[in-house]
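Here are some notes to read alongside the model. Take the points one at a time, and keep the structure open while you do.

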Amino acid sequence: MDTGELSILQGVRAMGAFKRWLDRSLTAQAILLLVVGVAMGALLRRDEPPVSWFLHGGLYGAVAVTFLALQRRRLARAVGADPGEIARLNRGVRHREVPAEPGKREAMRRLVDVQLRQMEGARRWMPYWFAAMGFVAVAVLVLGIVTGTLVLPLVTALGVAGLCVWVLWMRRRSLDRLRHMRSALAAGSGRA
């Protein structure tokens with residue numbers, strides 16, 4: 001193996017370790033949100049001092065991490081497992097890995113059931129969400145036509161359309177994974 005292949009392999013391993021750390025740790029998620037928030041502040045608020053970028057990034061990151069922690073705690077309560085175990089079970093669902101231990105299998109079954117119920121319940125709000133996104137895209141385009149600048153409004157409208165397509169794709173992918181895991185767990189435990 002030459003040094004180029006070795007460095008690529010090391011990079012892949014490092015990315016896998018980073019993704020696992022990000023899955024398990026709210027601290028890692030907070031750091032990432034802070035960095036993204038500061039970068040967005042630097043891009044969108046160039047005229048403001050860098051201190052405001054950090055303050056806004058920290059505020060948005062704190063709100064997002066609080067939301068994630070509450071969501072993880074609520075899901076852990078519904079499943080009957082600790083939040084760290086929820087992250088490991090979610091990783092198993094993503095990788096379609098069925099646990100061998102009966103207790104973990106039961107916890108994963110409850111997790112899959114809860115997440116499927118949540119996604120099916122959210123389905124009724126999808127048309128309203130898409131209508132709101134369409135309204136935002138059209139409003140930005142109309143504003144661009146009125147002001148005479150079309151580049152930013154077109155980029156924004158394309159970004160909104162891309163976001164909607166991505167949301168649909170991720171939803172379908174998650175539903176496929178959850179349904180596959182539900183059937184794999186049912187087949188493995190003798191239930192049909």
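## Notes on helix packing and a few residues

1. Let us begin with a pair of helices. Keep in mind throughout that this is a predicted model. The angle between α6 and α7 makes them roughly antiparallel, because angles over 145 degrees count that way. The crossing angle itself is roughly 165°, and the two axes come within 8 Å. You can find α6 at residues 126-147, while α7 covers residues 151-188. The crossing of these two helices is left-handed.

2. Which residues in α6 meet α7? On the α6 side they are Met126, Trp129, Phe130, Met133, Val136, Ala137, Val140, Leu141 and Gly144. Their partners in α7 are Pro153, Leu154, Thr156, Ala157, Val160, Leu163, Cys164, Val167, Leu168 and Arg171. Sorted by class, this contact between α6 and α7 has 16 nonpolar, 2 polar and 1 charged residues.

3. Now look at α7 again, this time with α4 as its partner. Two packed helices are described by the angle between their axes and the distance between the axes. For α4 (residues 83-94) and α7, the angle is about 95° and the axes are 9 Å apart. The two helices are therefore roughly perpendicular to each other. Gly92, Val93 and Arg94 are the α4 residues in this contact, and they meet Arg177, Leu178 and Met181 in α7. The contact of α4 with α7 divides into 3 nonpolar, 1 polar and 2 charged residues.

4. From α4, the residues Glu85, Ile86, Leu89, Asn90, Gly92 and Val93 take part. They meet Lys104, Ala107, Met108, Leu111, Val112 and Gln115 in α5. By class, the contact of α4 with α5 comes to 7 nonpolar, 3 polar and 2 charged residues.

5. Is glutamine 115 buried or exposed? Glutamine 115, which sits in α5, is buried because its relative accessible area is 14%, and the cut-off for buried is under 20%. Leaving aside residues up to four places away in sequence, glutamine 115 touches Leu75, Asn90 and Leu178. Asn90 is also one of the α4 residues that meet α5, and Leu178 is one of the α7 residues that meet α4.

6. What is its phi? The phi of arginine 96 is near 55°, a positive value in a residue other than glycine. For background, most residues other than glycine have a negative phi. Arginine 96 counts as partly exposed, at 39% relative accessibility.

7. How many aromatic pairs are there? The count comes to 2 aromatic pairs. In one, tryptophan 125 and tyrosine 128 are tilted, with 5.9 Å centre to centre and 50° between the planes. Tryptophan 125 is exposed at 52% relative accessible area, and tyrosine 128 is exposed at 59%. In the pair of tryptophan 129 and phenylalanine 130, the arrangement is edge-to-face, with 5.1 Å centre to centre and 70° between the planes. Tryptophan 129 counts as partly exposed at 29%, as does phenylalanine 130 at 24%.

8. Leucine 33, in helix α2 (residues 26-44), is 31 residues from alanine 64 in sequence and 7.9 Å from it in space, C-alpha to C-alpha. Leucine 33 touches Gly57, Gly61, Ala64 and Val65, not counting residues up to four places away in sequence. With 29% relative accessibility, leucine 33 counts as partly exposed. Isoleucine 8 lies in helix α1 (residues 3-24). Between isoleucine 8 and alanine 87 there are 79 residues in sequence and 27 Å in space, again C-alpha to C-alpha. Isoleucine 8 is exposed, with a relative accessible area of 58%.

Conventions: Residues numbered from 1 in each chain as written. Predicted model: local features only at pLDDT ≥ 70, side-chain atom pairs only at ≥ 80, totals over all residues. Heavy atoms only, no water. Axes fitted to C-alpha atoms, helices over the stretch in contact; angles between N-to-C directions. Helix = DSSP H or I, 4+ residues; strand = E, 2+ residues; numbered from the N terminus. Parallel < 35°, antiparallel > 145°, perpendicular 65-115°, else oblique. Contact = heavy atoms within 4.5 Å. Nonpolar A, V, L, I, M, F, W, Y, C, P; charged D, E, K, R; others polar. Left-handed = near helix turned anticlockwise from the far one by under 90°. Buried < 20%, exposed > 50% of the residue type's maximum accessible area, 1.4 Å probe, protein only. Phe/Tyr/Trp six-rings, centres within 6.5 Å; stacked < 30°, edge-to-face > 60°.
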